[in-house]
Structure formats: structure tokens, C-alpha cells
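User: Could you walk me through how to read the sheet and the ligand site here?

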Amino acid sequence: MTDTTDLPPPSAPRFDPHALPPLREVIARFGLDAKKSLGQNFLLDLNLTGRIARSAGPMASVTAIEVGPGPGGLTRALLATDATRVIAIERDRRFIEALQDVVDAAQGRLSIVEADALTVDPETLAPAPRAIVANLPYNVATPLLLGWLARIEAYVSLTLMFQKEVADRLVAQPGSKAYGRLSVITQWRADARVLFNLPPRAFTPPPKVDSTIVHLTARAAPEAAEWRVMERVTAAAFGQRRKMLRQSLKSLGNAEALLEEVGIAPTARAEEVDVAGFAALARAVQAREDAAPAQTHQAP
Ligand code: SAM
């Protein structure tokens with residue numbers, strides 16, 4: 001029989017999140033009072049951060065990219081997964097020093113990048129396979145998501161905490177109140193699944209809203225359409241969501257003909273059109289512009 005006494009049990013984590021000082025102590029030691037302007041609502045319960053990290057799915061050989069590590073609760077949990085490396089992007093300099101103990105304990109698996117995540121392309125930080133896992137600052141959550149969705153095939157998955165109202169919009173279906181531009185763009189590029197909700201009391205300080213973890217993976221065969229045209233069409237349609245499309249799409253030029261071409265009733269409203277319908281509209285606009293670029297945006 002092989003002697004395995006020196007080997008760690010197969011379930012032993014590579015990194016023990018509890019071996020470091022409690023997060024409350026870290027916050028007190030470094031005077032890390034939460035700044036509302038940076039969306040700072042911290043998760044201090046390591047069982048909860050562990051649940052979020054595990055909900056990202058298998059991490060073996062994956063680089064986990066976290067936006068906004070703050071005091072490091074989720075960062076520790078990510079280090080306890082099989083992820084090869086963790087790269088955390090933090091804008092608030094106060095946390096860089098506070099995270100040094102975690103960097104040391106991670107023995108080369110954790111790097112902190114001091115930057116505004118809105119200006120960082122995560123693809124430049126790590127080769128594939130990579131996944132983003134983050135308790136997002138809610139004030140910039142939507143622009144961050146849109147940036148990643150445009151290139152979602154570059155990621156194994158995105159596992160992200162949003163305020164519940166935004167999460168509802170990401171997965172909303174046509175005909176519902178929450179269905180809008182964000183639903184169309186998200187579901188065009190991704191399969192989005194709500195995993196679980198968290199009440200305000202799960203955070204320190206508690207936000208005013210409920211929160212939801214959403215898991216997103218690239219759609220295998222997204223409807224063909226150009227990102228910028230899809231953005232324009234959905235902006236025009238939902239910019240006047242109560243109006244009929246023949247009216248709201250006027251800025252695109254000859255809206256009636258456009259709608260007829262793709263088989264959407266000119267009296268339909270944006271909230272009745274599914275992702276395939278918007279992609280068809282975007283393709284028709286694109287085809288028209290390719291055929292007669294000089295006439296783009298002219299009145300019908
Ligand atoms: N991950 C920590 C947790 O779960 O306890 C903190 C999450 S807190 C909701 C959001 C974090 O994002 C804060 O640490 C904040 O400083 C950081 N942050 C805010 N805006 C940012 C930006 N534009 N780029 C990078 N980090 C940002």
C-alpha cells in the first residue's frame with residue numbers, strides 16, 4: 001500500500017481563507033470606512049464569499065479576475081478554489097496595503113492591479129481561460145458588464161453581483177416591465193442565469209437594495225448582428241418604449257419599410273420584440289447602410 005500520510009487530503013484547500021485575520025479586524029486596523037461614491041458594500045462572511053466563488057463553476061486552470069476586492073473576502077474565497085491565479089483590480093488605494101497579507105499568503109497566485117476597472121481590458125491581464133467573479137460596485141456595474149459582454153467569448157464565465165433590479169432586467173423576457181435594452185443586449189450575447197439573492201444585511205454597510213448573483217456564459221451561436229448597430233437600434237426602440245416602432249425607429253430612416261422587411265408589425269412596441277427580432281432589425285439597418293452609406297440617417 002502506498003503511504004499517503006504526507007499528502008494533503010484531496011479536499012484540503014490550497015489556501016485557507018480563515019487563516020488570515022478576520023475581515024472586521026483588517027477594516028479596523030487600516031481604517032477602511034466604506035465610501036458610498038465607490039459603491040463599497042463589503043461581504044465579511046467568508047461562508048458567503050465561499051458560496052459565491054464556488055458558484056462560478058470549475059476553476060481548474062482558470063485565471064479568476066475580480067473587480068473591486070475591497071478588504072478581500074471574495075478574493076480569499078477565490079484563492080481557495082482551484083483557480084490557477086487571481087487578479088484583482090481595485091481603484092481605492094487604501095485597500096492595496098490592506099490586501100498585502102493576502103498577497104503574501106497566496107504565494108504568487110494573487111496580483112493586485114490598482115486601476116479603474118472601466119479603463120482596463122481584462123483580456124490584457126491574463127491569457128485564456130479566464131473568468132470574472134465580482135461583487136460589483138453598483139454605480140458602474142452596467143457599463144462594466146456591457147464592456148465584457150461585447151467580448152464575452154473571451155471568458156469562461158462571468159459571475160457577478162448586481163442590485164436585484166438590474167439582475168431582473170438582465171434576464172427579463174419580452175412583454176415584461178423589466179424587459180429593455182439591457183435584456184436584449186445581454187441575452188443576445190449570453191446565457192444569463194440568476195443564482196441567488198442576498199438581502200441588504202449580508203453586506204457591511206447594508207445597501208438600500210436587495211442583491212442578486214448572476215452567472216453569464218457566452219451564447220453558443222448568437223444571432224448575427226454588429227454590436228454598434230444593435231446598440232443603436234435598441235437605443236432608438238427603447239428610448240421611446242411606449243411608442244409604436246414605426247415612430248420610435250424613425251431616426252434610423254424609413255422605419256415602416258425596415259419593419260416590413262423583417263416581418264415586425266409597424267404598430268408593435270419595443271417591449272414586444274425578442275432578441276431575434278432586434279438582431280434582424282440590426283442586420284437590415286446594416287445592409288441598408290452597406291448598400292448606400294451616403295444616405296445613412298436621411299429622413300424617409
Ligand atoms: N469585493 C469586496 C467584497 O465583496 O466585500 C468589495 C465589493 S464592493 C461592492 C465594490 C469594490 O469595488 C470596492 O472595493 C470599491 O473600492 C471597488 N471599486 C469601485 N469602483 C471601482 C472601479 N471603477 N474600478 C475598480 N474597483 C472599483
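**Reading the sheet and the ligand site**

Analyst: Strands here are DSSP runs of E with at least two residues, helices are runs of H or I with at least four residues, and both are numbered from the N terminus. This is a predicted model, in which local features need pLDDT of at least 70, side-chain atom pairs count only at pLDDT 80 or more, and totals for chains, interfaces and linings use all residues. Residues are numbered from 1 along each chain as its sequence is written, and side-chain values use heavy atoms, with hydrogens and water left out.

User: How many bridges join β4 to β5?

Analyst: Two strands pair if DSSP finds at least two bridges between them. Here, four bridges join β4 to β5, and the two run parallel.

User: What is the strand order in the open sheet?

Analyst: The seven strands follow the order β3-β2-β1-β4-β5-β7-β6, with mixed pairing. β3 (110–114) and β6 (190–198) are at the edges with a single partner strand each, so one side of each has no neighbour in the sheet.

User: How is β2 linked to β1?

Analyst: Five bridges join β1 to β2, which run parallel, and Glu66 stands opposite Ala88 in β2. On to β3: strand β2 (residues 85–90) is joined to β3 by five bridges, also in parallel, with Val86 opposite Leu110.

User: Which residues of β5 are buried on each side?

Analyst: In a regular strand the side chains alternate between the two faces of the sheet. Buried means under 20% relative accessible area, exposed over 50%, and partly exposed in between, using a 1.4 Å probe and protein chains only. In β5, Leu158, Leu160 and Phe162 are buried on one side, and Thr159, Met161 and Gln163 on the other. Six of the six residues of β5 are buried, so this strand is largely enclosed by the rest of the structure.

User: Which residues come nearest to the ligand?

Analyst: A residue is near a molecule if one of its heavy atoms lies within 4 Å of it. Of the 20 residues around the ligand, Gln40, Leu43, Gly68, Glu90 and Ala117 come nearest.
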